[in-house]
Amino acid sequence: MEEHEANITRITIGEKEVILIGTAHVSKASADQVKEVIEQENPDSVCVELDEQRYQSIIDGNQWKNTDIFQIIKQKKATLLLMNLAISSFQKRMAEQFGIQAGQEMMQGVESARETGAELVLADRNIQITFARIWGNLGFKGKAKLIVSLFAGIFSKETITEEELEKMKEQDMLDAMLEDFTENFPRLKQPLIDERDQYLAEKIRTAPGDKVVAVLGAAHVPGITKEVHNDHDLEALKERPKKSPWPKIIGWAIPIFIIALIAITFSMNPEAGTQQTLSWVLWNGIVSAIGAAAALAHPLAILTAFIAAPVTSLNPLIAAGWFAGFVQAYIKRPNVADFESLSDDVTSVKGFWNNKATRVLLVIALTNIGSSLGTFIGGADVIRLFLENL
């Protein structure tokens, strides 16, 4: 059985009563409503749309002080961190517009659970698993489009009224938003919305007690209302996607093909082979260095990008950006102040380039983009010289 109030959905599952509060993640009215509902209902459990990682990041304001930029590079998490920052910067900017903290309604749920003696349930799937499943669902074109969209969102100056924000919690507006969302990124809806609906629904359904209040982003309420009546395998929903063998095959095929062409050309015409080698080195090195320079990297990091790219482009297990990033981090190592101001700096272009931590991430990302472009241009020139010497 289901009943609907303003932003609230009541569901009966056997003897259990489930109360879903659909919130806007940066709405003060949402935070106030969460406090009011939990105090009135006095539930046995309170579920919040947080995983352990995001919960810790919200309650620990000093989390960035312990960040090791070298570990981020070693673990190949620079792109993941950039995506995370891109998403959080948009939410933070909206929160600042209305004079509240991002995630305030979730923290209100945590606080109210403690005050009423309810058991707190962190009901969302690990954010890194969600990102991995999103990334695995996108092709090359989709990944490029998503990254561009995310970073366009960081620097957008568009604002909305709080009334418009509150309308986002209404069913008809929500349907329209999801329709637009899936039109632009149809493959993202399954891992970002549908799968998390199922995960959240299972955590809510199995939460301790006969009365459960769940604090959720409004986008999840329709799906959870349907899925909460079904059983879901949480372990299956937590599996990381199996990687396709094709990227690895292509990653090795390209350098083997390039080396073979240069070797064959050398056997036919050593001078042309030397020209091919020089073309490969210069195109890879120069375009990669341009990428590092665009990130305002230190001159030694730019030089590292130039030297590393021709070699790393022939080995898919390493990337020029990692080497340039290491050099940048070593020479201009981010300090505590950089990490403390990270959440503020990522809301502007100037801040993104001025902060030493995000500068390292930009050096890695833009150097790798430059190296990829250099590989295609240099590879095309190697093929051209080979065909000319047949």
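Residues are numbered from 1 along each chain as its sequence is written, and side-chain values use heavy atoms, with hydrogens and water left out. Because the model is predicted, local features need pLDDT of at least 70 and side-chain atom pairs count only at pLDDT 80 or more, while totals for chains, interfaces and linings use all residues.

The secondary structure of the chain comprises 20 helices and six strands. Helices (H or I, at least four residues) and strands (E, at least two) are DSSP runs, numbered from the N terminus. The chain has 390 residues, of which 44% count as buried. Buried means under 20% relative accessible area, exposed means over 50%, and partly exposed lies in between (1.4 Å probe, protein chains only). Contact means heavy atoms within 4.5 Å. Among contacts between residues at least 6 apart in sequence, 78% join residues at least 24 apart.

Strand pairing is described next. Two strands pair if DSSP finds at least two bridges between them. Strand β2 (residues 8-13) pairs with strand β3 (residues 16-23) in the antiparallel sense, over six bridges. Isoleucine 8 has isoleucine 21 of β3 as its bridge partner. The two strands form a hairpin with two residues between them. Glycine 14, in the turn, has a positive phi of about 65°.

Strand β4 (residues 45-48) pairs with two other strands. Its pairing with strand β5 (residues 119-122) is parallel and runs over four bridges. Here valine 48 has leucine 122 of β5 as its bridge partner. The pairing of β4 with strand β6 (residues 211-217) is also parallel, over four bridges. Serine 45 is bridged to valine 212 of β6. In a regular strand the side chains alternate between the two faces of the sheet. In β4, Ser45 and Cys47 point one way, and Val46 and Val48 point the other way. All four are buried.

Asparagine 42 sits in the loop between α1 (28-41) and β4. Its phi is near 50°, a positive value in a residue other than glycine. With a relative accessible area of 49%, asparagine 42 is partly exposed.

Helix packing follows. Two packed helices are described by the angle between their axes and the distance between the axes. Axes are lines fitted to C-alpha atoms, for helices over the stretch in contact, and angles run from 0 to 180 degrees between N-to-C directions. Helix α13 (residues 245-268) packs with helix α14 (residues 270-294) at an angle of about 150°, with the axes 5 Å apart. The two helices are therefore roughly antiparallel. Angles under 35 degrees count as roughly parallel, over 145 as roughly antiparallel, 65 to 115 as roughly perpendicular and the rest as oblique. On the α13 side, the contact is made by Ile258, Leu261, Ile262, Thr265, Phe266 and Met268. On the α14 side are Pro270, Ala272, Gly273, Thr274, Gln276, Thr277 and Trp280. These contact residues divide into eight nonpolar, five polar and no charged. Ala, Val, Leu, Ile, Met, Phe, Trp, Tyr, Cys and Pro count as nonpolar, Asp, Glu, Lys and Arg as charged, and the others, Gly among them, as polar.

The buried residues of α13 are Gly251, Pro255, Ile258, Leu261, Ile262 and Thr265. They pack against α14 and α20 (356-388). The 24 residues of α13 should span 34 Å at 1.5 Å a residue, and the end C-alpha atoms are 34 Å apart, which agrees. The expected span of a helix is 1.5 Å times one less than its number of residues.

Leucine 296 lies in the loop between α14 and α15 (299-312). Its phi is near 60°, positive in a residue other than glycine. Leucine 296 is partly exposed, at a relative accessible area of 48%.

The axes of helix α6 (residues 127-136) and helix α10 (residues 189-205) come within 9 Å and cross at roughly 130°. This makes α6 oblique to α10. Thr130, Arg133 and Ile134 of α6 meet Pro191, Leu192, Glu195 and Arg196 of α10. The contact holds three nonpolar, one polar and three charged residues.

Glutamate 105 lies in helix α5 (residues 104-116). It counts as buried because its relative accessibility is 0%. Glutamate 105 and valine 34 are 71 residues apart in sequence and 6.6 Å apart in space, C-alpha to C-alpha. Aspartate 344 lies in helix α18 (residues 342-345) and is partly exposed, with a relative accessible area of 39%. Aspartate 344 and asparagine 355 are eleven residues apart in sequence and 9.9 Å apart in space, C-alpha to C-alpha.
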